[in-house]
Amino acid sequence: MEVGNAAVTQPALRLQHVSKRFGGVIALDDVSIDVAAGEVHSIVGQNGSGKSTLIKIIAGYHLPDPGAKAVLWGREVIFPLSGSYRHGLATIHQDLGLVDHLTVAENLGVSAAYGTRGLLPISWANERRRTRDLFRRFGVEIDPDMHVGSIGPAARAMLAILRALRQLEKSGNDRVLLALDEPTVYLPRDEVAQLISMVRALVDQGGSVIFVSHRLREVLAISDRVSVIRDGKIVGSMTKQDADDHTIVRMMIGRDLGSFFPDKAPPPRDDERLRVVGLSGSIVKDLSFAIRAGEVLGITGLAGMGQDEIPYLIVGATKARGGAVFVDGAPLSNATPSRALARGVIVTPGNRISEGGWLDASATENVTLPILKSFSRRGFLRVRAELERTRELMNRFGVSPLAPRLPLRGFSGGNQQKLILAKWLQAEPGVFLLHEPTQGVDAAAKKEILRLIAASAEHGVGVVIFSSDYEQLANVCHRVIVLQDGRFLRELEGAMVEEQRIVEACHAA
């Protein structure tokens with residue numbers, strides 16, 4: 001499939017006068033935007049700013065209000081745009097929609113009916129050849145016969161993009177526009193470069209890409225242009241040459257954010273909150289560490305080094321193969337998440353969609369779950385008090401929209417994350433295990449979440465952050481432990497906790 005000619009002067013996509021209201025809430029307000037042929041055009045904004053709604057309109061999930069117009073590759077198209085793959089448009093969402101028990105080739109070909117016509121049988125030899133040819137064009141090295149459940153996050157994201165290209169090829173298009181909605185949100189930072197390289201290869205061949213991400217470093221690395229959306233309106237667009245993170249953040253929030261990170265919590269106290277001795281799992285091997293009251297400890301490493309496994313081993317969500325855990329000096333025997341919770345040890349999972357919340361339940365039902373008994377009186381649930389508590393927490397965490405009865409899936413990804421953190425912080429844990437706590441969260445919300453984490457530490461909570469965000473760890477942690485192949489490699493403390501030193505330690509042989 002040829003993906004067109006970058007010299008084409010007409011825009012790949014022109015949206016005009018796009019508005020969207022949900023009841024009395026204005027999600028988009030007269031948005032107009034052009035995506036040029038042969039460019040990566042990033043759309044950034046705070047959680048709840050409207051960018052997710054805009055992507056869902058592009059994907060055909062939502063209909064805009066009357067008066068909106070869309071022109072795709074010079075041809076006016078009718079909303080919803082869900083059938084726009086016929087015109088060269090496809091959308092890849094952050095959950096990717098892959099099937100783990102199928103092979104790479106099977107996942108790649110399913111949306112294109114495996115190249116079959118009528119009732120003719122599938123030629124798997126042809127499917128493998130098509131898969132290898134497509135991978136070769138974009139410099140992707142994945143075994144077509146591997147099961148998708150066994151490949152890494154970056155490979156999964158690239159496979160989802162290539163599957164969309166295969167679908168467009170099936171429809172006979174020679175011009176490609178991909179809308180990527182937070183494709184890197186669950187990728188370790190060390191693997192993001194692979195995805196960026198593939199996206200740039202697509203654009204170099206004449207395609208166009210709409211890229212949505214909270215990670216401003218990635219936006220600046222991948223974009224030709226950046227548009228900022230605030231309160232449902234496009235407030236400005238700029239070329240890559242004119243963009244920097246401070247300018248973007250200022251436009252996103254309408255003011256100067258100041259420092260991106262809050263002050264570190266005061267030095268920790270002497271009393272020990274958590275001790276892990278000889279912990280082993282499928283990756284982690286014989287790991288020992290301790291955390292004191294008021295301390296913020298970071299545990300990190302390159303992708304696959306075991307840091308993502310540790311919090312679940314500690315609370316028994318994943319069965320440990322060896323080791324012991326002590327909470328406030330007493331053993332946590334036969335650990336299960338409920339037993340750990342009863343001892344004041346709480347985990348917030350990195351994957352909020354599949355593990356962090358109940359998407360079909362309301363914000364109130366999610367937030368009040370850990371303290372639900374406190375709203376019961378004589379066997380009846382005090383619904384008004386429950387709603388008031390949720391509104392209080394939503395205000396405190398800056399959740400938008402302020403709609404306690406709205407299902408969790410109705411909030412943007414970043415607002416889902418804030419609701420999940422609010423749910424557990426109100427439980428006043430003694431030990432807080434945070435797996436990628438600011439993943440998919442905008443700059444202003446990230447600062448507020450990190451401030452709340454520092455405040456928890458100041459009140460005596462022992463905090464452990466498991467993350468691949470080296471900059472964040474350097475700015476909030478008292479100590480950082482670096483893992484290699486599941487084992488303790490190095491510990492940085494005090495003035496040694498710097499981003500450059502963490503990066504160097506992670507890449508040490």
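Helices here are DSSP runs of H or I with at least four residues and strands are DSSP runs of E with at least two, both numbered from the N terminus. The model is a predicted one, in which local features need pLDDT of at least 70 and side-chain atom pairs count only at pLDDT 80 or more, while totals for chains, interfaces and linings use all residues. Residues are numbered from 1 along each chain as its sequence is written, and side-chain values use heavy atoms, with hydrogens and water left out.

Let us stay with the backbone for a moment. The peptide bond from Phe79 to Pro80 is cis, with omega near 0 degrees. Most residues other than glycine have a negative phi, and most peptide bonds are trans. Two residues are worth a look for their phi. Asp328, which is not a glycine, has a positive phi of about 50 degrees, and this residue lies in the loop between strand E14 (322-327) and strand E15 (330-331). Asn334 has a positive phi near 45 degrees and belongs to the loop between E15 and helix H9 (337-342). To describe their surroundings we need one more term: a residue is buried under 20% relative accessible area, exposed over 50%, and partly exposed in between (1.4 Å probe, protein chains only). Asp328 is partly exposed because its relative accessibility is 46%, whereas Asn334, at 62%, is exposed.

Now step back to the whole chain. It has 16 helices and 22 strands, and 53% of its 509 residues count as buried. Contact means heavy atoms within 4.5 Å. Among contacts with a separation of 6 or more, 68% are between residues 24 or more positions apart. The chain exposes about 22100 Å², with carbon and sulfur atoms supplying 49% of that area; accessible areas come from the Shrake-Rupley method with a 1.4 Å probe, and for residues only the protein chains shown count as cover.

What lies inside? In soluble globular proteins, nonpolar side chains tend to be buried together. A nonpolar core is a set of buried Ala, Val, Leu, Ile, Met, Phe, Trp, Tyr and Cys residues joined through side-chain atoms within 4.5 Å. The largest such core has 72 residues, and those with the most contacts inside it include Leu274, Phe289, Ile299 and Leu433. Helix H14 (residues 443-458) gives this core its largest share, seven residues.

Charged side chains make their own links. A salt bridge is a side-chain nitrogen of Lys or Arg within 4 Å of a carboxyl oxygen of Asp or Glu, and the whole structure has 17 of them. One joins Arg21 to Asp65, with the closest N and O atoms 3.6 Å apart. Arg21 lies in strand E1 (residues 13-22) and Asp65 in the loop between helix H1 (51-59) and strand E4 (69-72), so this pair ties together parts that are 44 residues apart in sequence. Arg21 is partly exposed at 43% relative accessible area, while Asp65 is buried at 19%.

Another salt bridge brings Arg217 and Glu499 together, their closest N and O atoms being 3.0 Å apart. Arg217 sits in helix H6 (residues 216-222) and Glu499 in helix H16 (residues 499-506), 282 residues apart. Both partners are partly exposed: Arg217 has a relative accessible area of 47%, and Glu499 has 25%. Elsewhere, Arg292, Glu295, Arg479 and Glu491 are linked in a network of salt bridges.

How many disulfides does a search of the whole structure find? There are zero disulfides, a disulfide being a pair of cysteine sulfur atoms within 2.5 Å. Cys477 is buried at 0% relative accessible area, and Cys506 is buried at 4%.

Leu369, Leu372, Leu381 and Val383 make a nonpolar patch of about 340 Å². Patches are made of residues with over 30% relative accessible area and no salt bridge, joining like charges within 9 Å and nonpolar side chains (Val, Leu, Ile, Met, Phe, Trp, Tyr) within 5 Å. Leu372 is in the loop between helix H11 (363-367) and strand E17 (376-377), and Leu372 is partly exposed because its relative accessible area is 34%.
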